[in-house]
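Student: Could you walk me through this model one feature at a time, giving the general idea behind each term before the particular case?

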2 protein chains.
Amino acid sequence: MSEELLHTPQACDDALTRAFGFLGKRWNGLIIGVLTGGPATFSGLRRAVGGISDSVLSDRLTELAAAGLVHRAVEAGPPVAVTYELTEAGGALMPVLDQLAAWARTNLPAGQCAAEATAAG
Amino acid sequence: MSEELLHTPQACDDALTRAFGFLGKRWNGLIIGVLTGGPATFSGLRRAVGGISDSVLSDRLTELAAAGLVHRAVEAGPPVAVTYELTEAGGALMPVLDQLAAWARTNLPAGQCAAEATAAG
DNA sequence: CGGTGCACTTCTCGAATCGAAGTGCTAGCT
DNA sequence: AGCTAGCACTTCGATTCGAGAAGTGCACCG
């Protein structure tokens, strides 16, 4: 048990660990997923992800912004509007999430989009 | 009055929702990530992911097995040995996790594998 | 016989999350 | 003008989740 017992047990999955530091938090994955469809507002995001609470969404958005994955654009003017959108780093996740969705469609039971079903015919 | 702003709010990210039903749970992503390196035992897994507790690992493994992502192989014989390995569905995640790791290496700060550094030239 | 490792389970405590309500401001209806 | 409604958050109380330690039964090592 000195040198090695397994073939590099977890060589570079250190990157995975960091990735799941964000994606492992209950809603982060979905939030980014929704954002891949374009910029959104706070309440727009809340509706899109469905089931998340204001407080958690606020927290997650702050985290994501601090990590540089999403950009918080505050539009001045009388009605202060806040828009969230992916940064470059966040956008780089789009193909990954796309593959992930494809995987879920193929390998996870009980679920398929109506839009998908029609294409099958 | 611009209705164009909402272009299919969340068309098929229903698949994402299902995917993150698993990956959104604190350790599931890492567990699968470790399993992509080959089959492992309970304690082997515990060591590989690092920081997870027995109870949670047991829960996650049960969930993953119930979802058909990992296979729980019980070897009889006097010393009952249990081995966990990815099923086809779980194995299909490997390329996704690979991309995810690549993304993390590129876009998440403070982290780089020694093995990667060599390729810098 | 005593110590160790494996595969789990059970228990308790603190953290994370939920869900609803509250705050300050603007817009639309009457 | 008064009232309702929406947006972007924050704060509060309650539930659920996860961490850490210890316990169980069995086989191997010395």
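## Reading the DNA contacts and the protein core

Tutor: Let us begin with one atom pair: an N or O atom in the side chain of B:Tyr84 is 2.7 Å from a phosphate oxygen of DNA strand C. This is a predicted model, in which local features need pLDDT of at least 70 and side-chain atom pairs count only at pLDDT 80 or more, whereas totals for chains, interfaces and linings use all residues. Residues are numbered from 1 along each chain as its sequence is written, chains are lettered from A and ligands numbered from 1 in the order in which they are written, and side-chain values use heavy atoms, with hydrogens and water left out.

Student: Which residues are closest to DNA strand C?

Tutor: A residue is near a strand or molecule if one of its heavy atoms lies within 4 Å of it. By that rule 18 residues surround DNA strand C, and the closest are A:Trp27, A:Val56, A:Arg60, B:Ser58 and B:Arg72. Of the atoms of DNA strand C that come within 4 Å of the protein, 69% belong to sugar and phosphate.

Student: Which element gives the largest share of the surface near DNA strand C, and how many of its residues are nonpolar, polar and charged?

Tutor: Helices (H or I, at least four residues) and strands (E, at least two) are DSSP runs, numbered from the N terminus. The largest share, four residues, comes from α4(A), and at least two residues each are supplied by α4 (54–66) of chain A and by α3 (42–49), α4 (54–66) and β3 (81–86) of chain B. For the classes, Ala, Val, Leu, Ile, Met, Phe, Trp, Tyr, Cys and Pro count as nonpolar, Asp, Glu, Lys and Arg as charged, and the others, Gly among them, as polar. That surface then has six nonpolar, seven polar and five charged residues.

Student: How many residues are around DNA strand D?

Tutor: There are 17 residues around DNA strand D, and A:Asp54, A:Arg72, A:Tyr84, B:Trp27 and B:Arg60 come nearest. Sugar and phosphate make up 74% of the atoms of DNA strand D that come within 4 Å of the protein.

Student: Does B:Arg60 count as buried or exposed?

Tutor: Buried means under 20% relative accessible area, exposed over 50%, and partly exposed in between, with a 1.4 Å probe and protein chains only. B:Arg60, found in helix α4 of chain B, has 12% relative accessibility and therefore counts as buried. Contact means heavy atoms within 4.5 Å, and, leaving aside neighbours within four places in sequence, B:Arg60 is in contact with B:Lys25, B:Trp27, B:Asn28 and B:Ile31.

Student: Why do the buried residues of α3(B) line one face of the helix?

Tutor: The buried residues of α3(B) are B:Leu45, B:Ala48 and B:Val49. Seen down the helix axis, these residues fall within an arc of 85°, so they line one face of α3(B), the arc being that of the directions from the helix axis to the C-beta atoms. They pack against α2 (28–35), β1 (40–41), α4 and β3 of chain B. After α3(B) comes B:Gly50, whose phi is positive, near 65°.

Student: Which residues touch the most other members of the largest nonpolar core?

Tutor: In soluble globular proteins, nonpolar side chains tend to be buried together. A nonpolar core is a set of buried Ala, Val, Leu, Ile, Met, Phe, Trp, Tyr and Cys residues joined through side-chain atoms within 4.5 Å. The largest one has 66 residues, of which A:Ile31, A:Leu100, B:Ile31 and B:Leu100 touch the most other members. Apart from neighbours within four places in sequence, A:Ile31 is in contact with A:Val49, A:Ile52, A:Leu57, A:Arg60, A:Leu61 and A:Leu64.

Conventions: Polar contact = N/O pair within 3.5 Å; in protein donor to acceptor, adjacent residues only side chain to side chain.
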